[in-house]
Amino acid sequence: MEYDNCRFHSLHHTQFRTNCSLFMPLYDYIYGTMDETTDTLYEKSLERGEDKVDVVHLTHLTTPESIYHLRIGLASFASYPFSYRWFMRLLWPFTSLSMIFTLFYARLFVAERNSFKKLNLQSWMIPRYNLQYLLKWRKDAINTMIEKAILEADKKGVKVLSLGLMNQGEELNRNGEVYIYKHPDVKVRVVDGSRLAAAVVINSVSKATKNVVITGHLTKVAYTIASALCQRGVQVSTLRLDECEKLRSCVPLEYRDHLVYQTSEALSSNKVWLVGEGTTREEQEKATKGTLFIPFSQFPLKQLRKDCIYHTTPALIVPKSLANIHSCENWLPRKAMSATRVAGILHALEGWEMHECGTSLLPSDLDQVWEACLSHGFQPLLLPHH
């Protein structure tokens with residue numbers, strides 16, 4: 001399923017003109033320099049039990065250039081948050097080849113290995129881009145790859161598998177629920193991280209905040225956040241009437257007065273905006289100067305306002321004892337980890353036995369999840385300064 005550096009490495013020194021690209025094995029496949037015994041050697045390494053894994057985070061490529069941000073791509077580049085750099089234009093021939101390669105290559109590979117306390121952690125990468133996840137005709141193929149990853153993890157004795165980025169899409173697989181229905185006997189716990197993501201956003205809102213705006217595509221994370229804030233006594237405003245009606249259904253009756261639909265003229269007192277996918281340029285322009293945008297989505301909001309502050313997607317700073325963190329996870333800063341990925345680790349540490357996926361609204365134990373997270377040394381990201 002995946003290829004580790006120790007295994008290109010040994011063949012590189014024992015077999016002439018094979019496994020030349022030690023830190024970017026993709027090109028050995030493209031140019032036919034992958035040694036024929038690579039898979040056999042890897043299987044033997046598995047038999048020795050060297051790859052016992054407790055927690056797997058299943059993620060995917062985002063843009064064509066994101067291939068260089070992997071540790072097996074450009075290690076120095078991966079040590080900084082991902083952003084488009086000028087030199088990537090010079091790499092367009094390789095980028096084009098990698099894009100073609102992903103159209104035909106359907107096997108997972110290990111992008112990163114870590115350890116924390118008694119847990120062995122791995123990130124598995126699906127060689128597909130965001131755009132491919134959005135194509136309806138690719139839906140079945142991608143779902144098959146995710147399903148195979150879950151079954152492979154179950155076979156290897158993995159305790160928890162977390163679904164990163166678009167691998168947990170509601171339209172794609174009902175937030176992972178389809179796999180549990182199809183394979184009810186799997187022992188690996190499937191986690192979408194929604195509880196922790198909601199807890200991270202809620203705890204990013206200052207206790208002194210009295211008003212927030214929520215907008216964008218409403219997910220179960222958004223519903224949970226709106227309900228929790230209303231119960232805290234915070235007025236939650238929406239920019240669209242239909243969003244207000246949808247959110248109202250998830251807020252307890254006695255707190256529904258805290259949920260309101262507001263016109264742009266009434267937004268001047270709202271300095272905190274909670275934003276999801278689909279937040280438009282026009283909506284951003286309605287925010288007052290100095291507004292703090294906090295995403296509840298998997299992907300960051302495009303930063304269009306220089307006079308506003310943009311927080312990152314739900315994430316946490318990892319404990320110092322979490323080993324082998326040498327690369328940045330997508331756009332996140334160094335030593336930060338997405339809430340979804342942390343949720344899988346937390347699930348294993350706490351020994352929780354249930355799956356955490358599906359489209360149903362989240363339980364009201366967000367405080368328990370948050371306290372458990374802090375007790376293991378994970379810390380919230382500091383809010384950015386304007």
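Guide: Helices (H or I, at least four residues) and strands (E, at least two) are DSSP runs, numbered from the N terminus. This is a predicted model: local features need pLDDT of at least 70, side-chain atom pairs count only at pLDDT 80 or more, and totals for chains, interfaces and linings use all residues. Residues are numbered from 1 along each chain as its sequence is written, and side-chain values use heavy atoms, without hydrogens and water.

Visitor: What arc do the buried residues of α5 cover?

Guide: T95, S98, F101 and T102 are buried in α5 (under 20% relative accessible area, with exposed over 50% and partly exposed in between; 1.4 Å probe, protein chains only). They sit on the same side of α5 because their arc, taken from the directions from the helix axis to the C-beta atoms, is only 120°.

Visitor: Which exposed residues does the opposite face of α5 carry?

Guide: Take the face turned away from the buried side of α5. Its exposed residues are W92 and F104.

Visitor: Which strand gives the most to the lining of the largest cavity?

Guide: A cavity is a set of points on a 1 Å grid over the protein atoms alone where a 1.4 Å probe fits but cannot get out; lining residues have an atom within 4 Å of a point. The largest cavity has a volume of about 260 Å³ (space filled by probe spheres set on points joined across faces, edges and corners). β1 (55-60), β2 (109-116) and β3 (119-126) each supply at least two lining residues. With 3 residues, the top contributor is β1.

Visitor: Which element provides the largest share of the lining of the largest pocket?

Guide: A pocket is an open set of grid points with protein on both sides within 12 Å along at least five of seven lines. The largest one has a volume of about 940 Å³. Of its 38 lining residues, L165, M166, G169, E170 and Q298 are closest to the centre. The largest share, 3 residues, comes from α8.

Visitor: Which strands stand at the edges of the open sheet?

Guide: The order of its 6 strands is β8-β7-β6-β9-β10-β11, with parallel pairing (a pair needs at least two DSSP bridges). Two strands have a single partner each, so one side of each lacks a neighbour in the sheet: β8 (259-261) and β11 (309-310).

Visitor: What is the bridge partner of I214 in β7?

Guide: β6 (residues 211-215) and β7 (residues 235-238) pair in the parallel sense over 4 bridges. In β7, I214 is partnered by T238.
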